[in-house]
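This report is written for a reader who meets the structure for the first time. Please keep the sequence and the model at hand while reading.

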Amino acid sequence: MTFVRKHKARATAWLLVAALLLALPAAAHVIDADLSKLSRTEIFWTYIKLGFTHILPLGFDHILFIVSLYILEPRLKPVLWQATAFTVAHSITLGLAMYGIIKPPGSVVEPIIALSILFVALENIITTRLSPWRLAIVFGFGLIHGMGFAGALTGLGLPQKDYFGSLISFNVGVELGQISIILLCWALIGRWAADRSWYRARVVVPVSVVVGLVAAYWTVERLLA
């Protein structure tokens, strides 16, 4: 039974990685409607959906970041604290960028986003427990990811008649996408495998290695772009 459980855990981990790879964006964001003709309620739902799809399925790098945050300590409470720190941070820089207070260049932001994923993946491999400094690190990386969200949202544009409301709606959609990833990870792995003796060797390390390799490739690719 132990042998079967170990291989079941390994298969589950690699299935999760495969599922995430299938989430690689195949299309860009598109707004089909004329925003000037939409009501505030319709704009609200439009930007919630845009924020959500920016994470699932289009935000492959953000998906890997959230997965990396989750797997080291796969209980809901620790990862929700991390997600909260991440959300507060990216909300700050997203708002500042959209109002033109800061103007971060994508050529700098995108490689740092890739490096943030690599950092968390390597930390998962090196350490065996959640560090008290993890919240501060996640908050710092959230500031960078918020600038990345701003780059995507700038391309979409915001309606002048409800600029602030649509900005908040997009952010809510992003948060719903992140929560969906966390709950999916919990349902697939955390719920039944978190307390197993083989969890680290069969789940944390192999998933983190794959994520780290992808992030390292992205870092080089984005630096050379």
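## Overall architecture

The structure is a predicted model. Its chain contains 8 helices and 0 strands. In sequence order, the elements follow the pattern α-α-α-α-α-α-α-α. The chain has 225 residues, of which 48% count as buried.

Two packed helices are described by the angle between their axes and the distance between the axes.

The crossing of the two helices is right-handed.

The crossing of H6 and H7 is right-handed.

## Salt bridges between separate parts of the chain

How many salt bridges does a search of the whole structure find? The search finds 5 salt bridges. One of them pairs aspartate 162 with arginine 40, with the closest N and O atoms 3.4 Å apart. Aspartate 162 sits in the loop between H6 and H7, whereas arginine 40 belongs to helix H2, so the pair ties together parts that are 122 residues apart in sequence. The relative accessible area of aspartate 162 is 16%, which means that this residue is buried. Arginine 40, by contrast, is exposed, with a relative accessible area of 52%.

Arginine 222 and aspartate 61 also meet through their side chains in a salt bridge, at 3.4 Å from N to O. Arginine 222 lies in helix H8 (residues 199-224) and aspartate 61 in helix H3 (residues 60-72), so this pair ties together parts that are 161 residues apart in sequence. Arginine 222 has a relative accessible area of 18% and is buried. Aspartate 61 is buried as well, with a relative accessible area of 10%. Both residues belong to a network of salt bridges that links Asp61, Glu110 and Arg222.

A further salt bridge joins arginine 134 and glutamate 123, whose closest N and O atoms are 3.3 Å apart. Arginine 134 is part of helix H6 and glutamate 123 is part of helix H5 (residues 106-126), so the pair ties together parts that are 11 residues apart in sequence. Both arginine 134 and glutamate 123 are buried.

## A nonpolar patch on the surface

Which residues form a nonpolar patch on the surface? The patch consists of Tyr99, Ile101, Phe164, Ile168, Val172, Leu176, Ile179 and Leu183. Together, these residues have about 730 Å² of accessible area.

Is glycine 142 buried or exposed? This residue, located in helix H6, has a relative accessibility of 0% and therefore counts as buried. Glycine 142 and threonine 87 are 55 residues apart in sequence, while their C-alpha atoms are 6.8 Å apart in space.

Leucine 56 and proline 57 are joined by a cis peptide bond, for which omega is about 10°. Proline 57 is found in the loop between H2 and H3.

Definitions and conventions: Residues are numbered from 1 along each chain as its sequence is written. This is a predicted model: local features need pLDDT of at least 70, side-chain atom pairs count only at pLDDT 80 or more; totals for chains, interfaces and linings use all residues. Side-chain values use heavy atoms; hydrogens and water are left out. Patches are made of residues with over 30% relative accessible area and no salt bridge: like charges are joined within 9 Å, nonpolar side chains (Val, Leu, Ile, Met, Phe, Trp, Tyr) within 5 Å. Accessible areas come from the Shrake-Rupley method with a 1.4 Å probe; for residues, only the protein chains shown count as cover. A salt bridge is a side-chain nitrogen of Lys or Arg within 4 Å of a carboxyl oxygen of Asp or Glu. A crossing is left-handed if the near helix is turned anticlockwise from the far one by less than a right angle, and right-handed if clockwise. Helices (H or I, at least four residues) and strands (E, at least two) are DSSP runs, numbered from the N terminus. Buried means under 20% relative accessible area, exposed over 50%, partly exposed in between (1.4 Å probe, protein chains only).
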